[in-house]
Amino acid sequence: MFYTYPMNPAQHTQKRRIHTVSQLTAIIKSVLEEALPFVWVTGEISNLRIPSSGHYYFTLKDDHAQIRSVMFKGHARNLKFDLEDGMSVVCLGRVAVYEPQGAYQVLVEHMEPAGMGALALAFEQLKAKLSEEGLFDEDRKKSLPYLPRTIAVVTSPTGAVIHDILRVLSYRFPKVHVQVWPVKVQGADSPAQIVRSLEMINQQNQSDVIIIARGGGSLEDLAPFNSEEVARAIFASAIPVISAVGHETDYTIADYTADRRAPTPSAAAEIVLPEYQGLELLLKEYAARLKGAFTLILKQERDNLLNLKKRLPPPRRQVDDWRLRMDDYQQRIINLTKRGVVENRNNLSTALYKLNKLSPLHKTPSLKVMLELKLRQITGAMQQQMRADKAALSQARASLEALNPSGILERGYSITRKTPGMEIVRNVHDLSPGDEVEITLASGKAAAQIKSIEKGTKS
């Protein structure tokens with residue numbers, strides 16, 4: 001049986017040391033960070049958060065506990081795969097205490113998938129991503145030319161691969177032109193060199209097909225051909241691309257993206273070109289077939305010509321028949337021409353007779369008499385009208401003279417106007433003593449002033 005006794009604070013009054021929260025947190029931080037400078041820890045990722053800073057914030061957990069974790073941007077840049085919630089990982093990091101919150105966390109500097117290598121996981125993730133985008137679709141792959149004139153080979157210039165390819169190409173078709181584009185086929189610089197070579201080959205547009213090749217190796221060695229930039233450069237190429245990377249059992253992202261995959265570099269050289277000797281034999285076979293077919297057609301046409309010759313009459317007899325027909329047609333034309341001339345001459349005589357009969361010269365005397373009669377009638381009517389118009393004009397002139405104000409003034413009358421408005425005075429009621437008036441007479445005008453008014457019996 002065990003017994004416990006409650007602690008009596010009074011017993012520690014003389015020896016106690018009181019810490020602030022910051023001091024206690026600093027002690028805990030020092031103890032933890034010194035005791036666990038680096039630690040391996042495995043768990044499942046949850047609550048993954050990647051803000052604009054580029055740092056990875058997440059929680060590592062198992063069935064019984066969890067711990068906050070951070071992977072800063074500098075270390076996250078070295079990841080070969082993408083983090084996801086629910087992914088099991090193994091991490092190497094330092095335990096640290098975040099003093100403002102009094103919380104401890106793991107500062108992760110290295111991470112790899114649990115149960116699968118980082119490169120293998122990155123391969124599967126990139127494969128799934130590009131497949132979803134359609135980079136592997138068969139309907140987007142370009143056909144290879146049957147007999148390319150120029151072949152571009154993107155590979156290392158020093159390895160056995162280029163020698164194998166050139167040897168096979170030279171054997172199969174010695175006259176083909178090969179452009180070798182030297183690149184690194186492994187290492188950090190390799191993807192950029194491969195992409196640049198593909199871009200330059202397309203810009204020059206002198207090659208009919210491209211072979212990308214390297215020998216076998218580990219997944220790390222083949223990493224450039226599993227990179228996203230190389231895959232997109234292959235997909236963007238307007239020139240067909242053959243991928244010949246690694247051994248027959250090796251598959252890379254470049255293999256899935258290329259228009260054709262070759263199991264080995266040597267197989268790529270066999271795929272891209274037909275064998276010259278086989279092609280020569282095939283051409284000889286086609287030539288023999290064409291010659292036989294031409295000979296058969298020539299014989300058939302000769303037989304048809306002989307049959308037609310038997311069915312046709314002799315050409316001399318046909319020529320004689322056509323000569324007789326031409327003579328007959330010529331005589332008919334002459335007879336018809338003569339008959340037409342006679343008929344046209346008769347018709348012309350008849351027309352001249354009718355035209356002469358209707359000529360105006362026969363009607364000129366009678367028309368002249370009628371014209372003179374009409375002229376006399378018109379002249380008399382005009383003279384009579386002029387006399388009538390003259391009488392009417394004299395009468396109108398007399399009437400106009402009678403109404404002319406100047407004539408009235410000549411007979412002793414005058415016109416009186418009231419100034420300054422110059423209104424004509426028609427009635428004595430229009431005037432008042434003192435009004436200024438202007439009197440118009442036959443010989444001129446005079447100004448006057450009204451001194452008195454005497455009204456008559458008529459208003």
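This is a predicted model: local features need pLDDT of at least 70, side-chain atom pairs count only at pLDDT 80 or more; totals for chains, interfaces and linings use all residues.
**Exercise 1. In which sense do strand β11 and strand β13 pair, and over how many bridges?**

Solution. Strand β11 covers residues 415–418 and strand β13 covers residues 436–441; the two pair in the antiparallel sense over four bridges.

The peptide bond that joins Thr419 and Pro420 is cis, with an omega of about 5°. This deserves a remark, because most peptide bonds are trans.

**Exercise 2. Find the strand order of the closed barrel, and follow its pairings from strand to strand.**

Solution. The barrel is closed, has five strands and runs β1-β2-β3-β5-β4, with mixed pairing. Neighbouring strands of this sheet are turned by 55° against each other on average, when direction is ignored.

Step one takes β2 (residues 56–61) and β3, which pair in the antiparallel sense over six bridges. In this pairing Tyr56 stands opposite Met71 of β3, and the two strands form a hairpin with four residues between them.

Step two goes from β3 (residues 66–71) to β5 (residues 103–113), and here the sense is parallel, over three bridges. Two partners can be traced on the model: Arg68 is bridged to Gln105 in β5, and Ser69 is bridged to Val106 in β5.

Step three pairs β5 with β4 (residues 88–98), in the antiparallel sense and over ten bridges. Val90 stands opposite Glu112 in β5. The hairpin of β4 and β5 has four residues between the strands, and in this hairpin Gly102 takes a positive phi near 65°.

Step four reaches β1 (residues 39–49), which six bridges join to β4, the two strands running antiparallel. Here Glu44 has Ser88 of β4 as its bridge partner. Strand β1 also holds Asn47, a residue with a positive phi of about 55° although it is not a glycine. For comparison, most residues other than glycine have a negative phi.

**Exercise 3. Decide how helix α4 lies against helix α8, and name the residues that make the contact.**

Solution. Begin with the axes: those of α4 (residues 160–172) and α8 (residues 265–272) come within 8 Å and cross at roughly 30°. Angles under 35 degrees count as roughly parallel, and therefore α4 is roughly parallel to α8. The crossing in which α4 passes α8 is right-handed.

Now list the residues in contact. From α4 come Val161, Asp164, Ile165, Arg167, Val168, Leu169 and Arg172, while α8 gives Pro265, Ser266, Ala269, Glu270 and Val272. Sorted by class, the residues of this contact of α4 with α8 are seven nonpolar, one polar and four charged.

**Exercise 4. Carry out the analysis for helix α5 and helix α6, beginning with their angle.**

Solution. Helix α5 (residues 190–204) and helix α6 (residues 228–236) pack at an angle of about 10°, with their axes 9 Å apart. That angle makes α5 roughly parallel to α6. On the side of α5 the contact is made by Pro191, Ile194, Val195 and Leu198, and on the side of α6 by Glu229, Val230, Ala233 and Ile234. By class, the contact of α5 with α6 has seven nonpolar residues, no polar residues and one charged residue.

**Exercise 5. Describe the chain as a whole: how many helices and strands are there, and why is the chain called more spread out than a compact globule?**

Solution. The chain contains twelve helices and 14 strands. Its radius of gyration is 64 Å, whereas the globule rule gives 23 Å for 459 residues; the value for the chain is well over that, so the chain is more spread out than a compact globule. Taken along the principal axes, the C-alpha atoms of the chain fill a box of roughly 170 × 130 × 45 Å.

Conventions: Residues are numbered from 1 along each chain as its sequence is written. Side-chain values use heavy atoms; hydrogens and water are left out. Two strands pair if DSSP finds at least two bridges between them. Axes are lines fitted to C-alpha atoms, for helices over the stretch in contact, and angles run from 0 to 180 degrees between N-to-C directions. Angles under 35 degrees count as roughly parallel, over 145 as roughly antiparallel, 65 to 115 as roughly perpendicular and the rest as oblique. A crossing is left-handed if the near helix is turned anticlockwise from the far one by less than a right angle, and right-handed if clockwise. Contact means heavy atoms within 4.5 Å. Ala, Val, Leu, Ile, Met, Phe, Trp, Tyr, Cys and Pro count as nonpolar, Asp, Glu, Lys and Arg as charged, and the others, Gly among them, as polar. The radius of gyration is taken over C-alpha atoms; the globule rule is 2.2 Å times the number of residues to the power 0.38.
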